[in-house]
Each structure stands twice: as C-alpha cells, then as structure tokens.
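Hello,

Here is the structure I promised to pass on. Please open it first, then read my notes below.

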2 protein chains.
Amino acid sequence: MQCAQELGYRSNVLARSLSNHKTFTIALILPTLTNPFYPEIVEALEHTARDHDYQTLFCNTHFHFELGRLQMERMMSRWVDGYIIMGSSMDIADITRYFQQGVPIVLCDWQENEAPPGIPQVSVDFYRAGQLAAQHLLDLGHQHVAIIVDEQQQALRLEGFASTMQEAGIALLHEKIQSGASTLESGYSATKNLLAHPQRPTAIFAATDWMAMGALEAALDAGLRVPEDLSVIGLDDIMLSAHLHPPLTTIAVPKAQLAQETMDLLLKQINGDKDVPALRLVEPYLVSRQSTTTNTTA
Amino acid sequence: MQCAQELGYRSNVLARSLSNHKTFTIALILPTLTNPFYPEIVEALEHTARDHDYQTLFCNTHFHFELGRLQMERMMSRWVDGYIIMGSSMDIADITRYFQQGVPIVLCDWQENEAPPGIPQVSVDFYRAGQLAAQHLLDLGHQHVAIIVDEQQQALRLEGFASTMQEAGIALLHEKIQSGASTLESGYSATKNLLAHPQRPTAIFAATDWMAMGALEAALDAGLRVPEDLSVIGLDDIMLSAHLHPPLTTIAVPKAQLAQETMDLLLKQINGDKDVPALRLVEPYLVSRQSTTTNTTA
DNA sequence: CTGAAAGCGCTAACAT
DNA sequence: ATGTTAGCGCTTTCAG
C-alpha cells in the first residue's frame, strides 16, 4: 500500500470503467460558445458535474446537426454515462432514438417549439419570462412595443409577451414582431428594421441579451438615446449586461439552478431511478437596470 | 459485418484504449471562462482537436491550483493522451513533474514571467504586442500614456510597451503603470486611479480587451469621451470588442493559429516525435477601430 | 489466410 | 478474513 504510493501507482480508470460499465464521464453538447450565455452555463454545469465526481466531455456542434450525430456516436462507443444536450445543438429525432435505447439524456434550455416526447428536460419558464418583460414595459407606460425573437425556437417567450400585452388591451401587430436568430448581428438588423417604420416603437424586448446588445448598438447608430428615446429589455442576464451602456434591464435566468436541476435529472437516470420527472422549470426574474424607463411620448 | 450494423454494434473505445494505451482524448485545462477570450480559444482548440479525431475533456480550475492538480490526477488515471494547459490554470511545478514523467503537455498562452523549463509552449509574441500598442499611440501623437497590466503574468507586454516608448524618448513613470488582474472590474478600478491623477494620461493601453472594457466604462463614468478625451487600446481582439462603444482598437491575437500550433506540438509529442520545438510564437497585429485617435492636447 | 489465445488493469464472484 | 479466478471488449501474437 505504502510502496504503491512510492512507485507512483495510479488506479486505471479505463480498466475500472470497462469492468464496471461506468465511466464517470458526462457529455455536454451545445450549439456554440459564441453567445456568452453558453460559457456561463458551461461553467455552472462543469462545476456541478465535478461536485458529483463526474468529468465533462465537451462537444460543440456549431449548430450543425450532422456534426452532433457524429459526436454522439463517438461518445456512445465510449460508454459515456450520460448526456446533457442544449437547445439547437442536435436533431430531436436522433436524440429520441438514443433515449429509447435507454441512454440517460437531459435536455437543457431546449427549443420552445418542440415537445420532446418523454425526454427529461429542464428549462426556464420562458412563457413567464415573456410575461415579466411585457409587464415591466407596461408598468413603464409603454404602448408601442416591439419584440425581436426567433419565432420557431423561442415561441414561448413570444407567447408570454403577447398574452400579457393582450390582457392590457395592446395587440402585438405582426409588423412589431421581428424574427432573428440569437445573435448580436441579428439583433442589430432587426432593430434597424423596427426603427425604420414610420411609427417606431418606444420599447423593444429582445429575446436574448446577446440580441439586445445588437439592439443597443442599432439604436445608437440611429441616433437614438437609450432609454430616453427607446427602452430595451433583454433575456438571460449574461455577465456582460451589467456593463453595457446603458446597463441592460433584463429577465434573468438563474444559471446555477438550471445547472443543478439538469445534473440532478441526469444523475437520477444514471442511477437507474424509475420515475424521473419529464420537465422541470426554473423561474426567471426581472433585473431592472438603466436601459428601460417610463414612456414619455404622447 | 452487415448484420453487425443491423444489431447496432458499436466498437468499444474503452476496451480498445485499454489494449492500445491510447484514448484519443486530450485534456483542456484553463483558469476560467469568464474572460471572453477563453471561450473563443476553447472553440478553436476543440475544433482543431476534432479535426485530428480527438475528443476534449474540459477542465476549469477557476484559478485554483489545487483544483488543477486534483483534476490532472484524475485525467492521468484515465490515460488521457495529452494535455493543453492554459496560463494561470496550474502550478508550473506540478506540470514540470508530469512532463518529466513523459506526459505530453503543451502550454498555451502561458504566463510571461515564468520560463517553463523545456516544456513545449505556444504563445503570442507579447513583447511585440506591447511594442505595437506603443507604436500606435506614438503614431497618434500621445505623450502621456499609461498602461494597465498584471506585472507578474503579463511582464512581456509591459516590457515591449515600455521599450518602444523609451526609444521615442518617453519614460513610462511608475505611477503610469497600474497593476490589475485580467478582469473587467480591475480594468475599471485601475482606470479610475489613473484618471484621478492631477495630470491624467491621454491614452491607456490595457493588457487585455476584457480590462479595456472596464477602462471604457470608467472613462464614461468619469465624464470623459473616448477617444476625444482619452484613447484606449486593448489586446486580444475578442469578438465583443468590435461591438463596444466606441469599437475598441486592439492588438489582435490570431486564435485559430494559436490553436493549430498548440495542437500540432501536442500531436508531435503524442506520436513520440523526438525533437519537439520548445517554443512557438504567433504574431499579433494591430486592429484599428474607434477608441483611439490623435492627441489634441497641448 | 483464417482462427484461437493471451493480455491490457480492473472488479466481483467465488473458494479457501 | 484472505486469495484466486473469470470476465469486461478489444488488439496482437502465435498456431493451424
């Protein structure tokens, strides 16, 4: 025992895994790291994984489903214990196949349009997030509001936002709904479009902070002051948001909690737990900063 | 063969690894993901790794050497093929021990004060980067310049900057050298200090873009316009920098190239290549945007 | 050129 | 309590 220490003996995890059918490795599959939201999630997820003595195999699909499938196959033949798959990184059809074969999988921050059939999922209550954003703008007296959103993948944010507006007697006209992918650039061009309209909105809800950064940039380029001329509210509360000019008001996603719930559902499956909850929602909340203010237009 | 396909047979990488003494896994060890520079590097590194059919085990030490050692031990007993270790993530003493045992290791973007004894390293020519920053400010006619830098870990940037200033007959007074870690917050407070001096500088070189973002924020809070009242230049050229207000002038680090060279040195070691170069430098270059302008003070 | 067997380093189920 | 052995799924070597 003692001389094992001296000879620098190290138990071989590979051999143990082969024998145990357990690798203490989980895979983390995500679509990109470009949106700053993902690094923050990765940091939280890797941390909780390590808390449970798991190591993380990292896999970036660059929004490319084919690449996702390839990577997944490689992981499968490595006997990875479980998979955390983030929204937009893989084809749900592929995932479903694996899940039906009994592979432990948790969807994290999944697309809002597809209901994954029975695959455990932890996500933010995006419908509520949309409502919170709408309510905040309503509280500030805004009537002419617009939204920048990926109508496919972020359907719930849109629905929540529209419903609260509706309740306040404000119809969200089609022209006030700008489609855009979750990138700064698309936030920028969507805002350009919105501001080009004859009656421009007094407030914009961008479905992610990353888009909201583009909105801020576009407003500035158009010679508008934020928040005096235009209020902007985002969603995610990435670290950057507190340091923008002006600091961004946003609907925050509790990332550590998201990570913990995700890991929890994954471990339950790995440990052979029978009834794993199919859905767990995490509650978003408003973080009020300086990019929104009361509406002063007639 | 064909029916193996039908039965969904998958060759077991674990067993192969056990037999082959080769796992086709590399470890990527870094200090944090908070600084946006790291996600960009991770994306590049993971991409090149995959190009060579390697998968990436991800490990974030949160600047905590002890955690780094723990993780490294776990990886070692997994027979990871090689290690890419980024600056500030692990104790060089530990790394040296492993390297002497014959473990393939490449240091990437390493601290500028420690010369790792014989461990292959690929980094940016930070001395040159400092010179480029200085030259740019000199070209714009700035005389009263300051630098925000981690004097320990970013010594070369400081030396390069100071040397070029020196050649132009400008002594970099001690009070114009502000220490700071590579964070937005420390860039902010360092700039506050600098601007509080009776004769404030007309230009600031921040050793990373992440710090420069803090500098921009501090200047704004102090009621100064950038670049009219204060020029700011950074280093890294993270994606964000192009979208700041004003867009940040910076010394760019070619990240894809950094990643490729790193992977190249690592593969050489893994393949048992005899003479692996001890150091490979990547050339930085100036990206001129709107945060710097000609000096207009008397 | 195809087929059997030993071994990679560990765990777990045995027998002593 | 301790010691031995079969087996995890693959590769490689050695026979047939």
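How do the residues of the surface near DNA strand D divide into nonpolar, polar and charged? There are 4 nonpolar, 6 polar and 2 charged. Ala, Val, Leu, Ile, Met, Phe, Trp, Tyr, Cys and Pro count as nonpolar, Asp, Glu, Lys and Arg as charged, and the others, Gly among them, as polar.

Some ground rules. This is a predicted model, where local features need pLDDT of at least 70 and side-chain atom pairs 80 or more, while totals for chains, interfaces and linings use all residues. Residues are numbered from 1 along each chain, chains are lettered from A and ligands numbered from 1 as written, and side-chain values use heavy atoms, without hydrogens and water.

Now the DNA. For Asn12(B), a backbone N or O atom lies 2.6 Å from a phosphate oxygen. α2(B) gives the most to this surface, with 4 residues. Helices (H or I, at least four residues) and strands (E, at least two) are DSSP runs, numbered from the N terminus.

Next, strand β6 of chain A. Of its 5 residues, 5 are buried, so the rest of the structure largely encloses it. Buried means under 20% relative accessible area (1.4 Å probe, protein chains only). Val145(A), Ile147(A) and Val149(A) point one way, Ala146(A) and Ile148(A) the other. β6(A) runs parallel to β8(A), joined by 4 bridges. There, Ile147(A) stands opposite Phe205(A).

Best wishes

Note on methods: Polar contact = N/O pair within 3.5 Å; in protein donor to acceptor, adjacent residues only side chain to side chain. Buried < 20%, exposed > 50% of the residue type's maximum accessible area, 1.4 Å probe, protein only. Pairing = 2+ DSSP bridges.
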